[in-house]
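Thank you all for coming; I would like to take a few minutes to go through one model with you. Please have a look at it first, and then I will begin with a term that we shall need.

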Amino acid sequence: MELPKHTSNALFVTSKIQELGIPIEIQQKIGVFAVAWGMFESHLERAVWAIEKEEVEGNRPSTDKTSAHKWVGILASGSNELSDKANEVLGIAAIAARDLMNYRHSLFHGYLVPLGDTAMFIRNPRWNGEVRNREAGDAQIDENIIDLAIDAAWVLFRIVIAVTKLGDEDGIARIEEFESEARRIKSNANEVRHIASLATHEKY
């Protein structure tokens with residue numbers, strides 16, 4: 001039975017991308033990361049409403065005219081109504097989110113650079129001698145790095161879900177429970193973002 005045109009074209013594109021150095025397994029994991037990050041970012045908006053006690057029903061949310069970068073800043077600031085430990089968790093999570101956001105931007109908006117049996121993405125290069133105000137970045141896509149990114153995005157998602165439930169009796173305690181996980185993914189997200197420079201460091 002002949003495949004529909006769009007299905008055969010999708011398989012063709014998958015094959016071509018594989019030829020450019022991104023195996024099918026890595027393509028799938030990039031897709032998982034995209035979904036996990038999207039879940040974090042969409043619920044991050046709701047977490048901001050909870051932190052700021054914003055009533056959005058019937059109103060235009062303050063987040064409607066701001067970006068996820070701004071929302072991460074609000075997460076980092078926490079609230080004086082939270083415990084010191086809960087605020088510390090949110091601050092650590094925000095650091096991880098900033099590093100992972102940088103990686104995400106490079107992965108989704110960078111140039112694909114084939115490197116034999118692998119590839120990488122480079123964002124805002126200066127290959128033509130241009131002057132840019134935007135930050136340069138790169139995204140490595142070996143399996144371990146993608147797994148670190150997926151894991152960090154999922155933990156961030158779970159943390160912001162906990163924040164959206166601040167109104168519950170145990171809301172603050174739920175956030176505090178993420179202390180060790182937040183610290184773990186902070187380190188991993190930093191590695192994901194800076195792996196290229198780390199790999200060339202003599203002590204790495």
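By contact I mean heavy atoms within 4.5 Å, and helices (H or I, at least four residues) and strands (E, at least two) are DSSP runs, numbered from the N terminus. Please keep in mind that this is a predicted model, in which local features need pLDDT of at least 70 and side-chain atom pairs count only at pLDDT 80 or more, while totals for chains, interfaces and linings use all residues. Residues are numbered from 1 along each chain as its sequence is written, and side-chain values use heavy atoms, with hydrogens and water left out.

Let me start with the sheet. It is open, with three strands in the order β1-β2-β3 and antiparallel pairing, where two strands pair if DSSP finds at least two bridges between them. The edge strands, each pairing on one side only, are β1 (111–115) and β3 (137–140).

β1 and β2 (residues 118–123) run antiparallel and are joined by five bridges; Tyr 111 has Ile 122 as its bridge partner in β2, and Leu 115 stands opposite Thr 118. These two strands form a hairpin with two residues between them, and in the turn Gly 116 has a positive phi of about 75 degrees.

What lies across β1, β2 and β3? That is helix α4 (residues 84–109), which runs at about 80 degrees to β3, with axes being lines fitted to C-alpha atoms, for helices over the stretch in contact, and angles running from 0 to 180 degrees between N-to-C directions.

Finally, in helix α2 (residues 24–51) we find Glu 45, which touches Thr 63, Asp 64 and Trp 71, if residues up to four places away in sequence are not counted.
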